[in-house]
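Work through these exercises with the structure open beside you. Try each task before you read its solution.

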Amino acid sequence: MQLEKSGFTSQQIYSPLGTYRYLQCRFPCTHNACYQSYDLINEIFIKIDSGIQLTEANIPKCSRCGDFLVPNHFRTKTVSVSEPETYLNRDQFQKKISAIKNKKIVFLEIGCGFRLPNIIRYPFENYVEAFENAQLIRINSVYPNITNQNIADKAYIFGEDINQILKDLL
Ligand SMILES: [Zn+2]
């Protein structure tokens with residue numbers, strides 16, 4: 001949602017860990033069974049504010065399989081995160097990246113640690129190594145160092161507080 005508010009279209013967004021903008025079935029009945037979360041969550045808040053005691057019937061459900069909906073985000077520990085149709089999926093993202101691989105590209109990585117390094121951290125380092133004109137900007141006060149030493153001259157590392165770095169850049 002924050003990226004859209006900043007002016008990016010949904011077809012410019014790839015969200016490999018999901019997004020709170022959508023809900024999905026606990027166990028996805030289709031790979032892209034997603035529902036806009038705002039109105040569904042807002043209905044629940046309105047009931048809470050009205051003093052209505054929530055029951056299981058108030059939990060949003062998938063119109064296809066009838067299962068309860070949960071946030072479309074890795075943190076909900078669902079079996080797999082669905083890919084909303086409005087966002088880029090993995091294949092579309094990789095095609096877009098391949099199409100611009102010879103251009104000047106900056107991979108901006110903010111606060112990516114080693115919990116899931118194969119989602120952003122390692123791929124970004126690999127892209128920067130593979131693409132001649134690519135550079136990496138990493139802002140990370142806990143794990144600032146690059147893993148791939150082949151990109152040492154193409155990486156700009158900021159190990160200070162993320163909040164301060166972003167304020168200084170603006
Ligand atoms: Zn479903």
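**Exercise 1. A parallel sheet**

In what order do the three strands of the open sheet with parallel pairing stand?

Solution. Keep in mind that this is a predicted model.

Step 1. Read off the order. It is β4-β5-β6, and the sheet is open.

Step 2. Find the edges. β4 and β6 (155–158) each have a single partner strand, so one side of each lacks a neighbour in the sheet.

Step 3. Look at the angle between neighbours. On average, neighbouring strands here are turned by 15 degrees against each other, direction ignored.

**Exercise 2. Inside the parallel sheet**

Count the bridges on either side of β5, and find the partners of isoleucine 137.

Solution. Step 1. Start with β4 (residues 105–110) and β5 (residues 134–139). Six bridges join them, in the parallel sense.

Step 1. Pick one bridge from that pairing. Leucine 108 has isoleucine 137 in β5 as its bridge partner.

Step 2. Follow the chain from β4 to β5. The path runs through helix α4 (residues 121–130), and this β-α-β crossover is right-handed.

Step 3. Turn to the other side of β5. Four bridges link β5 to β6, again with parallel strands. Here isoleucine 137 stands opposite tyrosine 156 in β6.

Step 4. Place the helix. α4 packs on the sheet and touches β4, β5 and β6. The direction of α4 makes about 150 degrees with that of β5.

**Exercise 3. An antiparallel sheet**

Find the order of the open sheet with antiparallel pairing, then trace its bridges.

Solution. Step 1. Three strands make up this sheet, in the order β2-β1-β3.

Step 1. Name the edge strands. They are β2 and β3, each pairing on one side only.

Step 2. The average is 45 degrees, direction ignored.

Step 3. Count the bridges of β1 and β3 (residues 69–73). There are five, in the antiparallel sense. One of the pairs puts glycine 18 with histidine 73 in β3.

Step 4. Do likewise for β1 and β2 (residues 34–36). Three antiparallel bridges join them. Tyrosine 22 has glutamine 36 as its bridge partner in β2. Leucine 23 is partnered by tyrosine 35, also in β2.

**Exercise 4. Buried or exposed?**

Decide how covered strand β1, helix α2 and aspartate 161 are.

Solution. Step 1. A residue needs 20 or more other C-beta atoms within 10 Å to be buried, and 12 or fewer make it exposed.

Step 1. Take β1 (residues 18–25). Seven of its eight residues are buried, so β1 is largely enclosed by the rest of the structure.

Step 2. Take α2 (residues 37–49). One of its 13 residues is buried, and α2 is hardly covered.

Step 3. Take aspartate 161, in the loop between β6 and α5 (162–169). It has 12 C-beta neighbours inside 10 Å, so it counts as exposed.

Step 4. Step back to the protein. Of its 170 residues, 18% are buried.

**Exercise 5. A helix and its end**

How many Å does α2 reach from its first C-alpha to its last?

Solution. Step 1. Read the span. α2 reaches 18 Å, close to the 18 Å expected at 1.5 Å a residue.

Step 1. See what follows. Glycine 51 comes after α2, and its phi is positive, near 85 degrees.

**Exercise 6. The whole protein**

Describe the overall layout: elements, domains and extent.

Solution. Step 1. List the elements. The protein has five helices and six strands. From the N terminus on, they run α-β-β-α-β-α-β-α-β-β-α.

Step 1. Divide the chain. Domain 1 covers 2–76 and domain 2 covers 100–169. Their centres, taken over C-alpha atoms, are 30 Å apart.

Step 2. Box the model. Along the principal axes, the C-alpha atoms fill roughly 60 × 35 × 30 Å.

Step 3. Look at contacts. Among those with a separation of 6 or more, 53% are between residues 24 or more positions apart.

Step 4. Aspartate 161 and tyrosine 122 are 39 residues apart in sequence. In space, they lie 22 Å apart, C-alpha to C-alpha.

Terms used. Residues numbered from 1 in each chain as written. Predicted model: local features only at pLDDT ≥ 70, side-chain atom pairs only at ≥ 80, totals over all residues. Pairing = 2+ DSSP bridges. Helix = DSSP H or I, 4+ residues; strand = E, 2+ residues; numbered from the N terminus. Right-handed = clockwise from strand over helix to strand, strands pointing away. Axes fitted to C-alpha atoms, helices over the stretch in contact; angles between N-to-C directions. Contact = placed C-beta atoms within 7 Å. Domains from an automatic or database assignment. Expected span 1.5 Å × (residues − 1).
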